[in-house]
Amino acid sequence: MLATYRALTGDALEQLRSLPDASVHCCVTSPPYGTLIRYGDGADGVAPERYADWILPILREIARVLVEGGVLALNLNGQGSATYPEAVIVRVGPETQLTLHERVCWVKANAVPVGHRGSRLIPEWEPIWVFRKGPRLAYFGRDAIRRPYAPATVRRAARGNLHRGRRGNHGDQAHPYVRQDKVEFVNPAGRDAANVIWAAPEQSSHWKHPARFPEAIPQFFIQAYCPPGGVVLDPFAGSGTTLAVATRLGRHAIGIELYEQYVRTIHERCRQSHWVFDV
Ligand SMILES: C[S@@+](CC[C@H](N)C(=O)[O-])C[C@H]1O[C@@H](n2cnc3c(N)ncnc32)[C@H](O)[C@@H]1O
């Protein structure tokens, strides 16, 4: 299936207003980290004290463009002791049409501990908040995000003694511990996904951008929450990781990015592997 992409240049709030209601299945995005990183030459970043008031109108627009049952996966991380991400999260429910669906932990496998942090711990994980529009999901790609069983589980399954010593959580064919009839299942497609993603930070300098997603991050959420042929949105598209992954997976993609230099990267990146595009 041919997947298309659109890359819009400009401010996320203004550009989102140009998109029709209920036209996006899944939004995966990582907004600017307060004032931590400079992306371009303009007045960059958003101060922690005004962050919630800045992003909530954007989240309301995202909610408007999502289909009923659509999903927003929001990678929103703090900066030092600032609690602006938490201030945002508690306002999402009351101020948008979105409901918290999952809390996902992105563990930055192989993160390089740089610099002297005194008595502070090295930050090696980031939260990804998953919000749903409406009472239930429109789509859940459960099989696409399955993970391998632990080798010990597979060995125990081969010996036929998975049930021994285990309790709880029955009735799921994918679950290896089925006690009722002493039959053990190990789903050949893997175990159900957990709410932790291990993904090394992007090291390559090929796509010049200071804060790129590893591809595993958008891939997980797109496969989980956007049906094949559906539409994925990233209103802070940066180098276009979400768009490149979405089109590769047979989903249409829309990206918004403030800086022209990164929009050029998005085109370069998406055209490299896909040949249908739209501007
Ligand atoms: C954390 S980065 C996203 C990186 C992206 N996930 C990737 O893999 O390349 C945030 C991006 O938002 C852009 N940005 C900042 N303010 C914006 C705004 N008001 N509207 C649209 N984009 C904005 C920045 O230029 C930056 O590229």
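Of the chain's 279 residues, 50% count as buried. The model is predicted. Seven helices and eight strands make up its secondary structure. Contacts reach across the sequence: among those between residues at least 6 apart, 74% join residues at least 24 apart.

**The sheet**

The eight strands form an open sheet with mixed pairing. Their order is S1-S8-S7-S2-S3-S5-S4-S6. Strands S1 and S6 (196-198) stand at the edges. Each has a single partner strand, so one side of each is left without a neighbour in the sheet. From one strand to the next, the twist averages 20°.

| Strand pair | Sense | Bridges |
|---|---|---|
| S1 (residues 5-9) and S8 | parallel | five bridges |
| S7 (residues 231-234) and S8 | parallel | four bridges |
| S4 (residues 98-107) and S6 | parallel | three bridges |

**Strand S8 and its surroundings**

How many residues of strand S8 are buried? Five of the six are, so S8 (residues 252-257) is largely enclosed by the rest of the structure. S8 pairs with S1 and with S7. Ala7 stands opposite Gly255 in S8. The chain crosses from S7 to S8 through helix H6 (residues 241-248). This β-α-β crossover is right-handed.

**The H2 and H3 contact**

Two packed helices are described by the angle between their axes and the distance between the axes. For helix H2 (residues 48-65) and helix H3 (residues 84-95), the axes come within 9 Å. They cross at roughly 35°. The crossing of H2 and H3 is right-handed.

Which residues make the contact? From H2 come Pro48, Tyr51, Ala52, Asp53, Ile55, Leu56, Leu59 and Arg60. From H3 come Tyr84, Val88, Arg91, Val92 and Glu95. By class, the contact of H2 with H3 has nine nonpolar and four charged residues, with no polar ones.

How values were computed: Residues are numbered from 1 along each chain as its sequence is written. This is a predicted model: local features need pLDDT of at least 70, side-chain atom pairs count only at pLDDT 80 or more; totals for chains, interfaces and linings use all residues. Side-chain values use heavy atoms; hydrogens and water are left out. Buried means under 20% relative accessible area, exposed over 50%, partly exposed in between (1.4 Å probe, protein chains only). Helices (H or I, at least four residues) and strands (E, at least two) are DSSP runs, numbered from the N terminus. Two strands pair if DSSP finds at least two bridges between them. A crossover is right-handed if, with the strands pointing away from the viewer, the path from the first strand over the helix to the second runs clockwise. Axes are lines fitted to C-alpha atoms, for helices over the stretch in contact, and angles run from 0 to 180 degrees between N-to-C directions. A crossing is left-handed if the near helix is turned anticlockwise from the far one by less than a right angle, and right-handed if clockwise. Contact means heavy atoms within 4.5 Å. Ala, Val, Leu, Ile, Met, Phe, Trp, Tyr, Cys and Pro count as nonpolar, Asp, Glu, Lys and Arg as charged, and the others, Gly among them, as polar.
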